[in-house]
Amino acid sequence: MRLDYNYVTPNKNCVHNNAALSASCWRELEQYAARMTHLDLSVHSCPSRSAFLAQFLASITPLPSEEATILHAAAIAADGVLLKHGCRLLLRVPWKFVRIAPAQAANDLPHTLGDSIVLGPSFFAQAPQAQLVTLIHEKIHVFQKLLPAQAGLFIASVLGYYHSAPCPGGLRQVLRMRCNPDLDSRLYSRDGLWFPFEQYHVRPHSLRDASLACVRMCQGCGSPAEVSPRAADHGYRYEHPLEEMAYVVSGQLATGTLPPSSAQLL
Ligand SMILES: [Zn+2]
């Protein structure tokens, strides 16, 4: 299938053409759809996974030249910040973009699918500094997908997550867990007891109708024993270590406060 596919090459030449979605992007789009629960589908107003896939593909739009100019400038600025901090691995991650016009404005959240960063209209309405932070944040998610061992090292040694548990579809349903294409399908914890996640409100209308909760796992049988809506009480500000890494590192890069010991790993 051929689609409009817009990307900036690693040598910073801005390109937009009609190539297909990258294999990595396509594969992860299918994996994301396969993980979706009925609540994930309902916030996209889709009755089925195949309907979601069709809706996503239909939402891909060409990149207008004025947006290509904005993206080009923001990607160069982001690489400049990475260069200044010596983030050699992040600099090697290529910039690939897919521009979408989501069916619902409330679902316009930048995200990644495989090696590609998916951006909707909200990105182009941001101020330049916010665009810079968004691009670095999303590039960190691509880094996590392309170099999972290096990301895992950062997560254990810098963020202190040492435990993970599988999260089967049944558990996602029971906990009203929001599926996020930037994250893997496991639950993670620092103490092996409490695991953070984004929980949909009872009748969500969009991806934003969710809040950070925590589930305590039974240490005997490994099944959920208790859900706490106050994840901060258990030391969590983010739903997943991959998200925590993206927020913390992009924030530190933007403010010039990334510790050299962290930069070495990136
Ligand atoms: Zn993120």
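**Before starting.** I am working from a predicted model.

**Entry 1: the domains.** I looked up the domain assignment first, and it gives domain 1 (3-147) and domain 2 (154-243). I then checked the spacing and found the C-alpha centres of domain 1 and domain 2 to be 24 Å apart. For their contact I noted 17 residues from domain 1 and 16 residues from domain 2. On the side of domain 1 that touches domain 2, helix H1 (23-35), helix H2 (38-43), strand S4 (111-113) and H7 each supply at least two residues. I sorted that side of domain 1 by class and got seven nonpolar, seven polar and three charged residues.

**Entry 2: H4 and H7.** Next I turned to H7 (residues 128-146) and its packing with H4 (residues 65-85). Their axes are 9 Å apart, at an angle of about 65 degrees, which makes H4 roughly perpendicular to H7. I noted the crossing of H4 and H7 as right-handed. From H4, I listed Ala74, Ala75, Ala77, Ala78 and Val81, which meet Pro128, Gln131, Leu132, Leu135, Ile136 and Lys139 in H7. By class, I have nine nonpolar, one polar and one charged residues in this contact of H4 with H7.

**Entry 3: H8 and H10.** Which way do H8 and H10 run relative to each other? I found that the axes of H8 (residues 148-157) and H10 (residues 241-255) come within 10 Å and cross at roughly 85 degrees, so the two helices are roughly perpendicular. H8 brings Ala151, Phe154 and Ile155 to the contact, and H10 brings Pro241, Leu242 and Met245. I wrote down six nonpolar residues here, with no polar and no charged ones.

Note on methods. Residues numbered from 1 in each chain as written. Predicted model: local features only at pLDDT ≥ 70, side-chain atom pairs only at ≥ 80, totals over all residues. Axes fitted to C-alpha atoms, helices over the stretch in contact; angles between N-to-C directions. Helix = DSSP H or I, 4+ residues; strand = E, 2+ residues; numbered from the N terminus. Parallel < 35°, antiparallel > 145°, perpendicular 65-115°, else oblique. Contact = placed C-beta atoms within 7 Å. Nonpolar A, V, L, I, M, F, W, Y, C, P; charged D, E, K, R; others polar. Left-handed = near helix turned anticlockwise from the far one by under 90°. Domains from an automatic or database assignment.
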